[in-house]
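Morning, everyone. Please bring up the model on your screens and keep the sequence beside it.

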Amino acid sequence: MAAPQKVACVEIGGIPIALSTSDDGFLALLRQRYHGFLSSSPPEFELAFDVSSTPSVSDDDIRVSRDGNDWIMKRGDFHARWDPRIGRGRVRQTANPYSLDSVLRILHSLILAERGGFLLHSASAICDGRSYLFSGISGAGKTTITRLAPADVTLLTDEISYLRPSAGGYAAFGTPFAGELARPGENCTAPVAALFFLEQGPENRVDELSSSEAVRRLMRNILFFAEDNGLVEKLLATACDFVARVPIRRLTFYPDGRVWDLVHSFGRSFERNFDRNSARDFQEVPEHA
Amino acid sequence: MPEDCIYIARSSAIAARALAGEMMVMNSADSTFFTLNEVATAIFQAADGHTPLREIVRDRVCGQFDVDPEQAQADAEQFVTELSSHGILLVSHQPLAPETP
């Protein structure tokens, strides 16, 4: 007789997913890892875990590919099959929190792509009721800027931002996916006020980016794993829409707390002078994209 | 058919989007990303696999932009060669059938 399955429902980005396992130790790991994101909402999706005791390595590249209608996600330390039509999948992995995080990130990236959202390699935080995103290459200062945040700023993540379209624009959600800060984000959400691409320099300043440069930088930092043309087309369309609706700037900053004064004042001046949430119409490519 | 007749078609393994007068093109296989200017966009959009490149340059480039025809043809061939090397365009001396994904 099969061992009974025990379930923890984890809701990230407003999407509740039932994670089931027959392994008590793994269930405890799930509950502890996603403590702030456990939910009593009816799950939209289900993911069953078969916990393996065979040691494995996680240094392979992630591969995400199609097998008929299913998605196959694999790395040295996990193998998962996901059927998006019925919203169910099965994962084989060791009781390893890093594998668990990776599987959930991939799954959310696939679900979000269908819904016009995406995961972004960026820190995000709520300030005065609006969320600000801080993206950039490794070492650009994502963790630094979150460390410098005033006490009244709510951290959503220092590593992976969760973005979904919302009325009039986009909303950022907190995620449990932590970077160097090793602290999960708060489980809350706020409309996106701006995305900053970070660079460190001798002074604090905000510079414009052209639309094409903004899309280029955005695409470089969106997390997607599948070599799938349909998915890339959707993400490119989403990136263009995001650029049309959200102010995107380059933020050069000197690493001290004054950079947050600039973020505050940018948010206030932008709200006064513009209404960027009314989308511009961008021409689509005929018959191809 | 002339020996140097070149036909170009867009690869099916790309995503493309027009934004603020420029064309963003991304290769799905390796995530390389290109931004095309107005002239390059005109050539890219006309790459239907059965219109010769020389005709595209004559009608879509020389007809709409103030350029020297010989220079435009040379630039177009260079552009096509570059995008072809990145898997964005398919190039042939014969007409090309549209690729199916």
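I will go through the two chains, then the places where parts touch.

Some ground rules. This is a predicted model: local features need pLDDT of at least 70, side-chain atom pairs count only at pLDDT 80 or more, and totals for chains, interfaces and linings use all residues. Residues are numbered from 1 along each chain as its sequence is written, while chains are lettered from A and ligands numbered from 1 in the order in which they are written.

Start with chain A. It has six helices and 15 strands. Helices (H or I, at least four residues) and strands (E, at least two) are DSSP runs, numbered from the N terminus. The radius of gyration of chain A is 20 Å, close to the 19 Å from the globule rule for 289 residues, so chain A is as compact as a globular protein of that length. That radius is taken over C-alpha atoms, and the globule rule is 2.2 Å times the number of residues to the power 0.38. Along the principal axes, the C-alpha atoms of chain A fill a box of roughly 65 × 50 × 35 Å.

Now the domains. Chain A is assigned domain 1 (6–114) and domain 2 (118–273). Such bounds come from an automatic or database domain assignment. Over C-alpha atoms, the centres of domain 1 and domain 2 of chain A are 25 Å apart. Their contact takes 18 residues from domain 1 of chain A and 20 residues from domain 2 of chain A. Two residues are in contact if their C-beta atoms, placed from the backbone, lie within 7 Å.

Which element gives the largest share of the side of domain 1 of chain A that touches domain 2 of chain A? H2(A), with seven residues. By class, that side of domain 1 has eight nonpolar, six polar and four charged residues. Ala, Val, Leu, Ile, Met, Phe, Trp, Tyr, Cys and Pro count as nonpolar, Asp, Glu, Lys and Arg as charged, and the others, Gly among them, as polar.

Next, a helix pair in chain A. Helix H4 (residues 211–221) and helix H5 (residues 229–245) of chain A pack at about 130°, with axes 9 Å apart. That angle makes H4(A) oblique to H5(A). Axes are lines fitted to C-alpha atoms, for helices over the stretch in contact, and angles run from 0 to 180 degrees between N-to-C directions. Under 35 degrees is roughly parallel, over 145 roughly antiparallel, 65 to 115 roughly perpendicular, and the rest oblique. Among the residues that meet are A:Leu218 in H4(A) and A:Phe242 in H5(A). The contact has nine nonpolar, one polar and no charged residues.

On to chain B. It has three helices and six strands. Along the sequence, the pattern is β-β-β-β-α-β-α-α-β. Helix H2 (residues 53–62) and helix H3 (residues 69–85) of chain B have axes that come within 10 Å and cross at roughly 120°. Including B:Val57 in H2(B) and B:Ala76 in H3(B), the contact divides into eight nonpolar, one polar and one charged.

Last, the chains together. How many residues of chain B are in contact with chain A? There are 17, and they touch 19 residues of chain A. On chain B, E2(B) gives the largest share of that side, five residues. The side divides into eleven nonpolar, three polar and three charged residues.
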